[in-house]
Amino acid sequence: MVSPAPRAARRMSLSAARRTALAAQGLAGERPSGPVTAARFHKAVGRMGLLQIDSVNVLARAHLVPVYSRLGPYDTTLLDRAAGRAPRRLVEYWAHEASFVPPATYRLLEWRRRRYREQAWGSISATEATHSAEVEAIRQIVAEHGPLTATEVERHLGSASDRPEDGWGWRWSVAKRALELLFFTGEITSAGRTASFERRYDLVERVLPADVLAAPVPTDAECVRGLVEIGARAHGVGTLRCFSDYFRLKGAAPRDALAELVDEGTLEPVVVDGWDRPTFRHRDATTPRRAVAQTLLSPFDPLVFERRRLAELFGTHYRIEIYVPAPRRVHGYYVLPFLEGESIAARVDLKADRRAGVLRVLSAHRDPEVTDRTPAALAQELCVLARWLGLDRVEVERAGDLASELSGHLDRSVPLDGPVPSDDSAPLDDSAPPSGGEQE
């Protein structure tokens, strides 16, 4: 019997791939009206699959902005509740760098915890051998007194918690390094954050929901397969590199997982015009006829994680310039791309001057797909962002080829008055099912 010929892969235009990717990330439609409820918040985070954590606070902490980009002004205590109050809907771990993830996804990251000696930084993994007594003491301190911050653990530990006097980067004490080792191996985790952004460490069994703790421990293959599938669903359409990078997966395991997902029909091979690599579409992906969102994207937004993908999809080359010496920066220190419809139309370097009550636009630049409507749309979005941040006005400096025109539209914009929509009194909605470089 002759086997039937394989079906030709579906073709997708670049525009269709863009709209598919935006829909998968919740960035294709207009922002919902009305207050952002807990259910809306969790749906948005579940669609993304994770929130990357970073403490840089020149505008707002990085993990707060992606939800704003999709839902507009929201009460950020929704995140505090989700990660700091039982039953927790988000927990911290190393996913795409340090991230908030749903508890079910935390279990899938067991693959990484088992490999802590090769996956963790050397200064962390070495602590097991160099300070074994302190590690054991800290186990007991957290078990008896947790949740505790690193500073509080240091007080319990006493003089044994020394701190390097010099050196580049984070000068972590022995206690902090031991805590991070136990965090990486999964013995402890974060029970939430303090107002100053310090982790509050506690035993995993006192943080994870009971049903997640009771679930069977996944094998390595199950972990990688689950993580690749989450990455594929969050992308809508993409390559193995796209899906693997979402959780920083490397080696042969992600490729094997992708092959299984194709065989079972979860992923469908497609051909995207202009792409020269094998490409796949998730079976749950949708392709709306139009994309109409207009929003600013954090440098740590999942849509911009993978720079090659961003360039291939949107024709824009983006680089985070935080660690670039100031004289060599092209666009600025903390630059946010502006999404207009299905295009990246501009980028702005922003700073929240909280003392003066001003959202400062340090530079504004056009991107290749800028339109005549972009300056007005961007001005409107900056006003919405300023209100969410509790700032009174927006001021544009004259740097960049879009600055002058943007400033003119802001001069004619609506005053920044009126309350920012919030949901302070809304109870945490536990009926919605969970979906599956930090500095301190």
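**Loops, helices and buried residues**

Author: Let us begin with a loop: Pro-87 lies between helix 4 and strand 3 (91-95), in the loop that links them. Helices (H or I, at least four residues) and strands (E, at least two) are DSSP runs, numbered from the N terminus. This is a predicted model, in which local features need pLDDT of at least 70 and side-chain atom pairs count only at pLDDT 80 or more, while totals for chains, interfaces and linings use all residues. Residues are numbered from 1 along each chain as its sequence is written, and side-chain values use heavy atoms, with hydrogens and water left out.

Reader: What kind of peptide bond joins Ala-86 and Pro-87?

Author: As a general idea, most peptide bonds are trans. The bond between Ala-86 and Pro-87 is cis, with omega about -10°. Another cis bond runs from Gly-146 to Pro-147, where omega is near 5°. Pro-147 sits in the loop between helix 10 and helix 11.

Reader: How do I read phi, and what is phi of Glu-97?

Author: Most residues other than glycine have a negative phi. Glu-97 has a positive phi, near 60°, and its place is in strand 4. Arg-248 also has a positive phi, near 55°, and lies in the loop between helix 15 (240-245) and helix 16.

Reader: Is Glu-97 buried, exposed or partly exposed?

Author: Buried means under 20% relative accessible area, exposed over 50%, and partly exposed in between (1.4 Å probe, protein chains only). With a relative accessible area of 25%, Glu-97 is therefore partly exposed. Arg-248 is partly exposed too, at 33%. Arg-177, in helix 12, has 17% and so is buried.

Reader: Which residues is Arg-177 in contact with?

Author: Contact means heavy atoms within 4.5 Å. Leaving aside neighbours within four places in sequence, Arg-177 is in contact with Ser-123, Ile-124, Thr-127, His-131 and Trp-172. Not counting residues up to four places away in sequence, His-365 touches Val-330, His-331, Ala-346, Arg-347, Gly-400, Asp-401 and Leu-402.

Reader: How far apart are the end C-alpha atoms of helix 10?

Author: The expected span of a helix is 1.5 Å times one less than its number of residues. Helix 10 (residues 132-145) has 14 residues and should span 20 Å, which agrees with its end C-alpha atoms being 20 Å apart.

Reader: Which residues of helix 10 are buried?

Author: They are Glu-134, Val-135, Ile-138, Ile-141 and Val-142. Seen down the axis of helix 10, these buried residues fall within an arc of 120°, so they line one face of the helix; the arc is that of the directions from the helix axis to the C-beta atoms. The face turned away from the buried side carries the exposed residues Ala-133 and Glu-144. What covers the buried residues of helix 10 includes helix 9 (127-130), helix 12 (174-185) and strand 6 (199-203).

Reader: At what angle do helix 14 and helix 16 pack?

Author: Axes are lines fitted to C-alpha atoms, for helices over the stretch in contact, and angles run from 0 to 180 degrees between N-to-C directions. Helix 14 (residues 220-235) and helix 16 (residues 253-263) pack at about 70°, with their axes 9 Å apart. They are therefore roughly perpendicular (65 to 115 degrees; under 35 counts as roughly parallel, over 145 as roughly antiparallel and the rest as oblique).
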